[in-house]
Amino acid sequence: MKKSSFSILNVVLFIILAFYSVLMLFMLGWSFISSVKTQGDFTVNPLSLPQFGWHFDNYSKAFEAITIRLRLEGGGFRDIYLMEMFGYSLLFSVGCAFFGTISPCVVAYLVAKFNKKLNHVLYAIVIFTMIVPIVGNLPSMLQVLETLQLHNTLWGVWLMKANFMGLYFLVFYGMFKSISWEYAEAAIMDGAGHFRIFFNIMIPLAKNTIATIFILLFIQYWNDYQTPLIYIPDMPTAAYGLYTFINGNKVNGLLQTPPIQLAGGMVLLFPILVMFLLLKDRLMGNISVGGLKG
């Protein structure tokens, strides 16, 4: 009886996930097809293939139109174009993903492998912050960064993301708990210290989990436009540029039609799609039914 119920549950989950996957693929395909239509073609035939030709020039128009105009302190303006935004996106995403991965990794290792009273407090704080919604900290965070002269700097947002709160702490905690301490005991007998044990033994054993979380965080921050908008307005990322591009009626004399806006979205998606295709074996190979595995 239990086996039959379990099989039915698997079938239901498979149907739900299959439907979700098909829906996502459909939306991706629809976005690409719509991005090469004219405005009239998009309005008349929103769900069909282009009837009046494939207008790939929408991509070049979107690429040129995605700009941010910054006001300079001494007066005047400076235009930032998409290629420069991609550079800021890379710096922002890599830095935030690195600090957002290494911080919970280190703290989770200390909590999992050392029996100290403070460890229970840290674990409780993580659970508390995940359960209780904490809102209204934006003004205080801005004040702290301005006081430390870190507002509008990459170091400021990198350090802001260097915290151990959240789900990934629990992932690292469970992973380090599953690693036998006998590896460390053998190293201690050979004269190794705690730093050497962590970097030479534990990090190599956790490299798959670290790589997977880094990739997931990189994708998250690549698509984040709110953080650059608030904390580094003078270094707009591509997501920030796309946000202003989509919400504007006219940029550089170009009317913002839905096909051109979709083309801009596909331009931002392309680097992430390439990275996923290159790293899909590593990413999917480290994900199991229970989550991430080391």
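Cys105 is buried at 0% relative accessibility, where buried means under 20% relative accessible area, exposed over 50%, and partly exposed in between (1.4 Å probe, protein chains only). Cys96 likewise has a relative accessible area of 0% and is buried. The structure holds 0 disulfides, a disulfide being a pair of cysteine sulfur atoms within 2.5 Å. This is a predicted model, in which local features need pLDDT of at least 70 and side-chain atom pairs count only at pLDDT 80 or more, whereas totals for chains, interfaces and linings use all residues. Residues are numbered from 1 along each chain as its sequence is written, and side-chain values use heavy atoms, with hydrogens and water left out.

**Overall composition**

- The protein has 294 residues, of which 36% are buried.
- Its secondary structure consists of 14 helices and 6 strands; helices (H or I, at least four residues) and strands (E, at least two) are DSSP runs, numbered from the N terminus.
- Of the contacts between residues at least 6 apart in sequence, 68% join residues at least 24 apart; a contact means heavy atoms within 4.5 Å.
- The accessible surface comes to about 17,800 Å², and carbon and sulfur atoms account for 68% of this area; areas come from the Shrake-Rupley method with a 1.4 Å probe, and for residues only the protein chains shown count as cover.

**Nonpolar core**

- The largest nonpolar core has 67 residues, and those with the most contacts inside it are Val157, Phe169, Phe172, Phe176, Ile197 and Met202. Helix α4 (residues 82-113) gives the most to this core, with 14 residues.
- Such a core is a set of buried Ala, Val, Leu, Ile, Met, Phe, Trp, Tyr and Cys residues joined through side-chain atoms within 4.5 Å.
- Not counting residues up to four places away in sequence, Met202 touches Tyr109, Phe176, Ile179, Trp181, Ala184 and Ile197.
- Thr101 is placed in helix α4 and is buried at 4% relative accessibility. Leaving aside neighbours within four places in sequence, Thr101 contacts Phe172, Ile210, Ile213, Phe214 and Leu217.

**Salt bridges**

- The structure holds 3 salt bridges, each defined as a side-chain nitrogen of Lys or Arg within 4 Å of a carboxyl oxygen of Asp or Glu.
- Arg69 and Asp79 pair through their side chains at 2.8 Å, N to O. This pair links distant parts of the chain, with Arg69 in strand β1 (residues 68-71) and Asp79 in strand β2 (residues 77-80), 10 residues apart. Arg69 is exposed at 57% relative accessible area, while Asp79 is partly exposed at 26%.
- Asp57 and Lys61 form a salt bridge at 3.5 Å, N to O. Both residues lie in helix α3 (residues 57-65), 4 residues apart, about one turn of the helix. Asp57 is partly exposed at 33% relative accessibility, as is Lys61 at 35%.
- Glu84 and Arg78 meet in a salt bridge at 3.4 Å, N to O. Glu84 is partly exposed at 29% relative accessible area, and Arg78 is partly exposed at 33% relative accessibility.

**Nonpolar surface patch**

- Phe19, Tyr20, Leu23, Met24, Phe26, Met27 and Leu47 form a nonpolar surface patch with about 760 Å² of accessible area together.
- Patches are made of residues with over 30% relative accessible area and no salt bridge; like charges are joined within 9 Å, and nonpolar side chains (Val, Leu, Ile, Met, Phe, Trp, Tyr) within 5 Å.
- Leu23 is found in helix α1 (residues 2-35) and is partly exposed, with a relative accessible area of 34%.
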